[in-house]
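Look at the structure below.

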Amino acid sequence: MYAAATDRYEKLPYRRVGDTGLQLPIITLGLWRHFSSVDPFTDREKLILKAFDNGIFSFDIANNYGSPDYGSAEKLFGEVYQRNLKPYRDELVVTTKAGFEMGIGPYQSFNSRKSLLQCIDHSLTRLKMDYVDIFYSHRPDPNTDPEETALALAQIVQSGKAIYIGISNYDADQSETMISLLNKYHVPFVVNQYSYNMLRPEAAHNGVLETIKRHDRGLVAYGPLAEGLLTERYLDGIPEDFPIHRTNTPIFAQGKAHVVTILNQLEEVAQNRNQTLAQMALAWLLRDPAVTSVLIGTTSEANLMANLDVAKHLDFNSDEVKRIKDILA
Ligand SMILES: NC(=O)c1ccc[n+]([C@@H]2O[C@H](COP(=O)([O-])OP(=O)(O)OC[C@H]3O[C@@H](n4cnc5c(N)ncnc54)[C@H](OP(=O)(O)O)[C@@H]3O)[C@@H](O)[C@H]2O)c1
């Protein structure tokens, strides 16, 4: 039977989300890719437990994760939870989301009251849990009145199915609107989960980070390694068939060779800091205390453990900051 490492809280710092009671480890493990029904369960179970043993108590899922079988990432995590993590439920921050397509028809996506109330129930069934810690609206809905969405999210909290509420992929104006509504209805809103990495730094400039700071809440930075580009893996070149997500295609706007040049320049700075490029990419985002957690994806125990070592060197001197800004300009 699994017994968690007793020193698990000594290994990785955790941060408070603004002025809320929620605290998150600086690294969250996401189950978007390769945690589905077609992936090796035992390996994924081992990885999740390894993460928990090493201070990651926050796990990020969504109802549509688990290609080709929507919902299978939740099922996989639910299975790991039932088999191992149930005695630790009070320690876990398990998050799920609704808003992207789960099937056909008008109630299988976006943010209507009907859709959200159905989705949380289905997620809890797959997760084999009574509640999640953060329930996210996965994306803004251009057609549903945000007030309807906010009231549905309020009901989800009031019914005990979620402890906190998050939003994801909301731009600055959309965030402002939704956060104001959630505040109006006394809904415990905590974080915006938004794409943020050295190659996609928009959150720092488009008002998203500023809005979350103004409300004294947190940003969860998803894809902090740019789907693996910000690692040692692609220093010699990026394959033609690199499976970049459509939302990240602007990274290749000036061609892949240009990205490889940037990666090698960053690698040099990282080496001088005695860090891997991946560790430096994570530390770069965590410089800002409003970035409560960086949300990584990995299927590899070695990569997970290497990334956790970011905690050993989080600060940057002014020369490093200047050099990195010059490279990324
Ligand atoms: N809210 C949203 O709309 C949204 C959208 C996208 C993602 N997310 C969340 O963010 C999570 C992470 O997204 P992501 O997978 O794009 O994140 P990412 O951490 O930027 O990239 C993951 C990739 O990096 C590789 N990697 C990780 N550490 C490495 C290392 N030390 N050396 C070499 N390669 C390394 C992984 O490969 P290996 O498996 O081989 O380690 C994987 O291919 C998702 O699981 C999901 O929870 C949310």
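Helices are DSSP runs of at least four residues and strands are runs of at least two, numbered from the N terminus. The model shown here is predicted.

**Around the ligand.** The ligand is surrounded by 27 residues. Gly30, Trp32, Leu225, Gly228 and Gly297 are the closest. Two elements, β10 (291-296) and α9 (301-308), each give at least two residues to this shell. The largest share, three residues, belongs to α9.

**The core.** The largest nonpolar core has 91 residues. Ile134, Ile165, Leu219, Ala221 and Val294 touch the most other members. Helix α8 (residues 277-286) provides the largest share of this core, nine residues. Take isoleucine 134. Neighbours within four places in sequence aside, isoleucine 134 is in contact with Val93, Thr95, Ala162, Tyr164, Ile165, Gly166, Val190 and Val191.

**A helix pair.** How do two packed helices get described? By the angle between their axes and the distance between the axes. For α7 (residues 256-272) and α10 (residues 318-328), the axes come within 10 Å and cross at roughly 175°. Angles over 145 degrees count as roughly antiparallel, and α7 and α10 are therefore roughly antiparallel to each other. On the α7 side, the contact is made by Ile262, Gln265, Leu266 and Val269. On the α10 side, Glu320, Arg323, Ile324 and Ile327 take part.

The table gives the residue classes for two of these sites.

| Site | Nonpolar | Polar | Charged |
|---|---|---|---|
| Shell around the ligand | ten residues | 13 residues | four residues |
| Contact of α7 with α10 | five residues | one residue | two residues |

Terms used. Residues are numbered from 1 along each chain as its sequence is written. This is a predicted model: local features need pLDDT of at least 70, side-chain atom pairs count only at pLDDT 80 or more; totals for chains, interfaces and linings use all residues. A residue is near a molecule or strand if its C-beta atom, placed from the backbone, lies within 6 Å of it. Ala, Val, Leu, Ile, Met, Phe, Trp, Tyr, Cys and Pro count as nonpolar, Asp, Glu, Lys and Arg as charged, and the others, Gly among them, as polar. A nonpolar core is a set of buried Ala, Val, Leu, Ile, Met, Phe, Trp, Tyr and Cys residues joined through C-beta atoms within 7 Å. A residue is buried if 20 or more other C-beta atoms lie within 10 Å of its own, exposed if 12 or fewer, and partly exposed in between; C-beta atoms are placed from the backbone. Two residues are in contact if their C-beta atoms, placed from the backbone, lie within 7 Å. Axes are lines fitted to C-alpha atoms, for helices over the stretch in contact, and angles run from 0 to 180 degrees between N-to-C directions. Angles under 35 degrees count as roughly parallel, over 145 as roughly antiparallel, 65 to 115 as roughly perpendicular and the rest as oblique.
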